[in-house]
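Hello,

Please find the structure below. My notes on what was found in it follow.

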Amino acid sequence: MAAARLLLRSAALKASLSDVSAGVQSSTAGGSLLRLSPSCSLRLKTQKRHATHFTFYPDPVPTNYGPTTKMNLFQSITSALDNTLASDPTAVIFGEDVAFGGVFRCTVGLRDKYGKDRVFNTPLCEQGIVGFGIGVAVAGATAIAEIQFADYIFPAFDQIVNEAAKYRYRSGNHFDCGKMTIRAPWGCVGHGSLYHSQSPEAFFAHSAGLKVVVPRGPVQAKGLLLSCIADENPCIFFEPKILYRAAVEQVPTDAYHIPLSQADIVQEGSDLTMVAWGTQVHVLREVANMAQDKLGLSCEVIDLQTILPWDKETVCKSVVKTGRLLISHEAPVTGGFAAEITTAVQEECFLNLEAPITRVSNDQLLESGNDELITDVVATLVD
Amino acid sequence: MAAVRNMQRLWGIGVGAIRRNAALKTSKILQQRAFRINGAQCQQSFDSSMEKPQFPGASAEFIDHLEFIQPNVISGIPVYRVMDRRGQIINPSEDPQLSKDTVLNFYQKMTLLNAMDRILYESQRQGRISFYMTNYGEEGTHIGSAAALDSNDLVFGQYREAGVLMYRGFPLDLFMAQCYGNADDLGKGRLMPVHYGCRDLNFVTISSPLATQLPQAAGAAYAIKRENSNRVVICYFGEGAASEGDAHAGFNFSATLECPIIFFCRNNGYAISTPTHEQYRGDGIAARGPGYGMMSIRVDGNDVFAVYNATKEARRRAVAENQPFLIEAMTYRIGHHSTSDDSSAYRSVDEVNYWDKQDHPISRLRHYMTARGWWGEDEERAWRKQSRKLVLEALERAEKRLKPNPELIFTDVYNEFTPDLAKQKESMVRHLQQYKEHYPLDMYEK
Ligand SMILES: Cc1ncc(C[n+]2csc(CCOP(=O)(O)OP(=O)(O)O)c2C)c(N)n1
Ligand SMILES: [Mg+2]
């Protein structure tokens, strides 16, 4: 809805849809008016609910990292972990049910290949998993901790925020846990309901000392995960679980690194900058195509990739060019990471902005799978 | 219905293999069981009293009468000691037979710690430092355990274990630097007083949030085990901190993952004002060990030799057998919790006096030394004077030292400097330049 408003408004500038946009602008309730009136919006929603609610846009086949194999996202994770265990004898992987392969199959075969002292189950206790991982890293080994679902990371909140994030700082750089990476399946999956769908990245974005990363597909996932593991700071790597099987790409089999804290411009454009991470990148690409087709708008789509510390420069450069910014995430809007981006862009690019920055996200307090959200964006755009 | 289907879809992602695996296991168990029953049947007719529970979660017997386990099934865990209150060895075979030099070193470290506590406590009262926590009454637990370890064993502490660091050779100047937060503080003035840490001495920097070090210590022990380096991790904590969820995590992880670690609980009777009987209902902390499948012992923490023996044996076995040990050292916090606390609000002077005058770890060791003619009044007087002087001189040096460069506020957040941090630093530097008359910048290093 918000996307539609912004898009329609920018479209108005191009005089392509002046009647509708005039109506929107003259009414503060224009948004809900738009949503309620056309019956096709409802129809679209019910149809979409039973289909995949977005289209996955695969990355081009990478050419600079050696031979590639077809992998889905969970296989690209396994491949990254495999490379790590092979090259770093101190590396250990642990968490709930990881020994037999993990409930999302990300560690399949690794215990048999590398031994049960390197890939092992822990008791069911998230604060223990992260605390244990910090200790492994403090002792100089590489720790890869799995939290079974991002929704269940909160028992470990203290260990992550008060301990991991601050270890290096508080010791004056005498001790650190930079060799720890926490992996967790993240985001909506369409049927995960209240507690298998959350996107808690904003909670961790408030903790300097951490790095928080979300990949959009298999190629990015492997390169970014390997960067997190190699990085000398504690990293949280959120894996969009809806993509585990749905996303398939040609992924290099060797190890390679995609730099952290660098956003990726996945589609260039000149009228509007759209920022997202994870699954939502694909939604925005679809939206960009629709905006091009229906409204004649050229959208620049940026995959932020690293939430903390984020690539302000790339986003701001783009906004200077386009004058408009839309940020979309699955997490609730209040205090979501879009709020931080909005403020930073407003500080840096105030005079370049031609419209208010818009956040498209879950407007409910809770996120119960984002089918609704996406159909809202897409449907209202269509309207 | 839809929800159920949805959950199945969610789990379907990985559940195929789980199901296959589980089915395989179940059929194996059933086969085994069938085999056993068949075997029994060959010899005699089926007898239900011969049945054994097959639940995967416990190995036990069936019983046919209703009976709850009493909570005191583990109770009155005895307190191991070597010396009585007058410093006499009770059972000669338990005497660690330490040399005179070693014992004198114990005593000097315990009393030097005591001297440092008195002076730093006073300096807080005078407003020279912001905060302090004394170790009065717990010196035996520190020195006894520290002496039983190798210097490369890794220590995770709580905050009341300064004696361990002192035993390892942390100089008075660095204790003072930390409490003053001056430019020599290894932690760059970022933590409150008593949050020491030293990489060279394998003493992990103290963290304020309680019990977080327990699961971390388990992880470190696991990594150390994989190095095959014959090292052990020791993790100190109070009986109050033992109530935290992280304590449970640390115990359970180190037991199931077979970590060479010593959990050393200082049970000093209080967590700030909360007495032990409001902290737990079972038999202290040691009673929890068996629940985790962990070797446990309770020792008299005011008997430095008992602490030494228990820690030494726990260390030997933890390394040899790769398993955790839990030591509960019974002691008493003679000082206030910290300089922010007045303990007369929740305990009697008589109670404190008893421990201070009748059952103090320092006087117990002194009795032992006096009985052997190793220490007399003259030595005591001279050492008191000397130790006080050492501390006061270090204090004076620390007080004169500048504070750390304010720009250090922004380092070590990450291993590298980020654009945001650079910007924040620039803005602070500009601010200090512009408003320098409002800041005592001459007290800080440039
Ligand atoms: C997680 C957490 N909760 C509360 C506190 C505040 N606090 C500091 S020390 C303390 C008491 C700890 O008692 P105990 O573990 O018995 O150690 P002792 O002070 O007796 O040595 C409390 C509640 C804290 N530091 N961390
Ligand atoms: Mg206590």
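One definition is needed before the ligand site: a polar contact is a pair of N or O atoms within 3.5 Å. The model is predicted, and every value here is computed from it.

Ligand site

By that cut-off, a polar side-chain atom of B:R266 makes such a contact, lying 2.9 Å from an oxygen atom of ligand 1. Of the area that ligand 1 exposes when taken alone, 580 Å², the protein buries 73%. The backbone of chain B also takes part: a backbone N or O atom of B:A241 lies 2.8 Å from an oxygen atom of ligand 1, and for B:G240 the corresponding distance is 2.9 Å.

The shell around ligand 1 holds 17 residues, the closest being B:Y159, B:R160, B:A241, B:N268 and B:Y270. Sorted by class, that shell has seven nonpolar, six polar and four charged residues.

Domains of chain A

Contact between them involves 27 residues of domain 1 and 25 residues of domain 2. About 2000 Å² is buried between domain 1 and domain 2 of chain A, and carbon and sulfur atoms give 58% of it.

Which polar links cross the interface of domain 1 and domain 2 of chain A? The rule finds nine residue pairs in polar contact there, both residues at pLDDT 80 or more, and two salt bridges. A salt bridge also joins the side chains of A:R216 and A:D303, at 2.8 Å from N to O.

Chain A against chain B

The size of an interface is often given as the accessible area lost when the parts come together. Between chain A and chain B the buried area is about 4600 Å², with 61% of it from carbon and sulfur atoms. A:Y169, A:F175 and A:H191 supply 16% of the area that chain A buries against chain B, more than any other three residues. In terms of contacts, 58 residues of chain A meet 53 residues of chain B.

The count of residue pairs in polar contact between chain A and chain B is 23, both residues at pLDDT 80 or more. Four salt bridges are found across the interface of the two chains. The side chains of A:K312 and B:D420 form a salt bridge with an N to O distance of 2.9 Å.

Regards

Conventions
Residues are numbered from 1 along each chain as its sequence is written. Chains are lettered from A and ligands numbered from 1 in the order in which they are written. This is a predicted model: local features need pLDDT of at least 70, side-chain atom pairs count only at pLDDT 80 or more; totals for chains, interfaces and linings use all residues. Side-chain values use heavy atoms; hydrogens and water are left out. A residue is near a molecule or strand if one of its heavy atoms lies within 4 Å of it. A polar contact is a pair of N or O atoms within 3.5 Å; within protein, one must be able to donate a hydrogen and the other to accept it, and residues adjacent in sequence count only if both atoms are side-chain atoms. Accessible areas come from the Shrake-Rupley method with a 1.4 Å probe; for residues, only the protein chains shown count as cover. Ala, Val, Leu, Ile, Met, Phe, Trp, Tyr, Cys and Pro count as nonpolar, Asp, Glu, Lys and Arg as charged, and the others, Gly among them, as polar. Contact means heavy atoms within 4.5 Å. Buried area is the accessible area (1.4 Å probe) that two parts lose on being put together, summed over both.
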